[in-house]
Amino acid sequence: MLDLKWLRENPDAARAAAIKKRMPDRVAAVDRVLELDAELRALTPTLDGMRSEQKSASKEIGRLAPAEREQFLARQKERKVELAALEEREKALRADIDHQLALVPNVPDAEVPEGKDDTENVEVRRVGTVRDFGFAPRAHYDIAEAQGWVDFKRAADMAGSRNYILFGDLALLHDAVLRFAVDLMVGRGFVPVDPPLLVRDSAMFGTGFVPGGEEQTYRCEKDGLNLIGTAEVPVTSLHGGELLDEAELPKKYVARSACFRREAGTYGKDTRGLYRVHQFQKVEQVIIDVADKARSIAHHHTIVENAEDLLRAFELPYRVVAVCGGDLGVPQAMKYDIETWMPSRNAYGETHSASRFYDYQARRLAMRYRQKDGGKPLVCHTLNNTVAASPRILIPLLENHQQADGTVHVPAALRPLLGGRGVLGRPIW
RNA sequence: GGAGAGGUGGCAGAGUGGCCGAUUGCGCCGCCUUGCUAAGGCGGUGUACCGGAAACGGUACCGGGGGUUCGAAUCCCCCCCUCUCCGCCA
């Protein structure tokens with residue numbers, strides 16, 4: 001969430017932020033916060049004064065002679081009643097402010113392009129060349145089904161639509177990709193993490209997925225736990241509520257985890273194949289660092305490059321887009337998506353999403369650090385990006401590296417993880 | 001699932017109705033001392049909000065929420081969490 005003090009001084013910027021993000025209903029939250037805050041601020045000095053009076057009077061009592069007590073106690077009881085009403089109002093105001101403030105979205109950076117949805121994202125760069133096949137390329141699901149690598153029918157029977165079962169070499173490739181991603185990041189100093197997949201509401205709230213993302217989340221009502229949609233949730237929450245030392249920052253983590261998404265409201269969208277599924281594996285990079293905008297931006301570029309390096313190693317053409325305001329989520333200040341070429345879509349498809357939040361998540365998580373040179377503790381900055389999400393990344397791998405006979409070329413980088421093999425599958429066509 | 005113990009400041013750990021925003025130790029900061037990469041002495045050191053230029057003053061906060069009381073870290077109720085033992089099981 002935003003700093004309330006900042007919000008007080010910059011209400012127009014906060015309103016403009018919600019508008020740029022195409023969240024008109026959240027503009028109201030800004031106004032509501034300001035109203036409630038004004039009321040609370042007007043109330044506070046009175047309340048503090050009354051409490052102070054009552055408190056000091058209470059201290060007197062212990063020293064009073066029994067005869068004087070009666071009178072004193074009567075007065076104290078009056079004060080108590082007077083206080084009670086105001087305190088109730090104070091409590092309600094506090095709760096409302098917290099609630100409304102949590103709805104106010106993070107402010108998108110100036111460099112975030114204007115736009116209503118993902119069609120208006122702005123291409124930043126394009127890397128690699130789209131291959132000229134010299135034959136009619138097939139979609140990943142055709143290749144995979146022909147090779148016996150995937151079974152959508154049985155998956156749907158046992159688990160519903162948008163599920164899949166991987167077999168054989170594709171299951172191995174899936175794992176190789178993830179392992180490669182982890183190794184790449186560990187080589188760059190990121191600490192590998194195997195996090196909880198079921199988390200409390202506080203972690204969902206802290207990372208900004210709730211309120212707002214409830215429909216996307218599988219929830220175990222009985223236990224009050226949520227299946228994570230990304231390791232961003234547990235890993236960013238890792239130091240929630242902590243007061244860190246500046247010396248231990250930045251914290252860099254890489255987590256491989258299963259991810260679960262309900263994909264509500266996407267009926268009829270991307271129904272075929274491995275693109276949009278309820279469950280997948282993802283390797284995620286998370287950085288927690290000091291409250292320094294320039295450093296956050298530098299980290300942002302770094303984590304995008306990390307993902308690009310993976311795609312280059314996989315010999316895949318991709319492009320980087322700057323996500324526009326309307327396609328930005330509540331907590332993000334700026335986001336780059338990386339889209340990898342998918343021949344079956346005849347388009348680039350999103351495979352990575354790199355976000356910076358500044359202190360928006362960390363404030364919700366109460367994650368601060370003590371400055372090296374003293375002074376007040378500051379709220380951390382956080383960032384994250386995909387390294388590899390599979391099976392989605394298998395789409396470009398299969399489709400771009402397919403050969404006319406239905407076998408699949410293995411990029412050199414992945415061969416050590418596949419027993420040295422350079423080709424997967426048997427000739428089919 | 002059954003039984004018990006406990007959740008206090010950056011950490012450890014006292015405190016069982018007013019003298020407690022909280023002893024003490026560690027850590028950290030400052031000063032001093034000292035013949036050796038260490039030790040010692042003294043002082044300081046929570047967070048948030050309100051007021052103030054500041055010094056400082058006020059209020060809230062001892063897992064969370066209710067309650068008793070003139071007054072609660074301390075008593076009562078509910079919830080959450082952690083630990084130990086037993087059971088069960090990967």
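Colleague: How much area is buried between domain 1 and domain 2?

Modeller: This is a predicted model, and in it about 690 Å² is buried between domain 1 and domain 2, with carbon and sulfur atoms giving 56% of that area. On the domain 1 side, Lys21, Arg26 and Ala102 lose the most area to domain 2, together 62% of what that side buries. Domain 1 covers residues 4–103 of chain A and domain 2 covers 118–424, and seven residues of the former are in contact with 12 of the latter.

Colleague: How many salt bridges and polar contacts are there between domain 1 and domain 2?

Modeller: The count of salt bridges between the two domains is zero, whereas five residue pairs, both at pLDDT 80 or more, are in polar contact across the interface.

Colleague: In what order do the strands of the open sheet run, and which strands stand at its edges?

Modeller: Strands of a sheet pair through backbone hydrogen bonds, either parallel or antiparallel. Here eight strands form an open sheet in the order S1-S9-S10-S11-S14-S8-S7-S2, with mixed pairing. Strand S1 (122–127) and strand S2 (191–193) stand at the edges, and because each has a single partner strand, one side of each is left without a neighbour in the sheet. From one strand to the next, the twist averages 25°.

Colleague: In which sense do S11 and S14 pair?

Modeller: Strand S11 (residues 347–358) and strand S14 (residues 381–390) are antiparallel, joined over four bridges, and Leu383 in S14 is the bridge partner of Arg356.

Terms used:
Residues numbered from 1 in each chain as written. Chains lettered and ligands numbered in written order. Predicted model: local features only at pLDDT ≥ 70, side-chain atom pairs only at ≥ 80, totals over all residues. Heavy atoms only, no water. Pairing = 2+ DSSP bridges. Helix = DSSP H or I, 4+ residues; strand = E, 2+ residues; numbered from the N terminus. Axes fitted to C-alpha atoms, helices over the stretch in contact; angles between N-to-C directions. Domains from an automatic or database assignment. Contact = heavy atoms within 4.5 Å. Buried area = accessible area lost by both parts, 1.4 Å probe. Salt bridge = Lys/Arg side-chain N within 4 Å of Asp/Glu carboxyl O. Polar contact = N/O pair within 3.5 Å; in protein donor to acceptor, adjacent residues only side chain to side chain.
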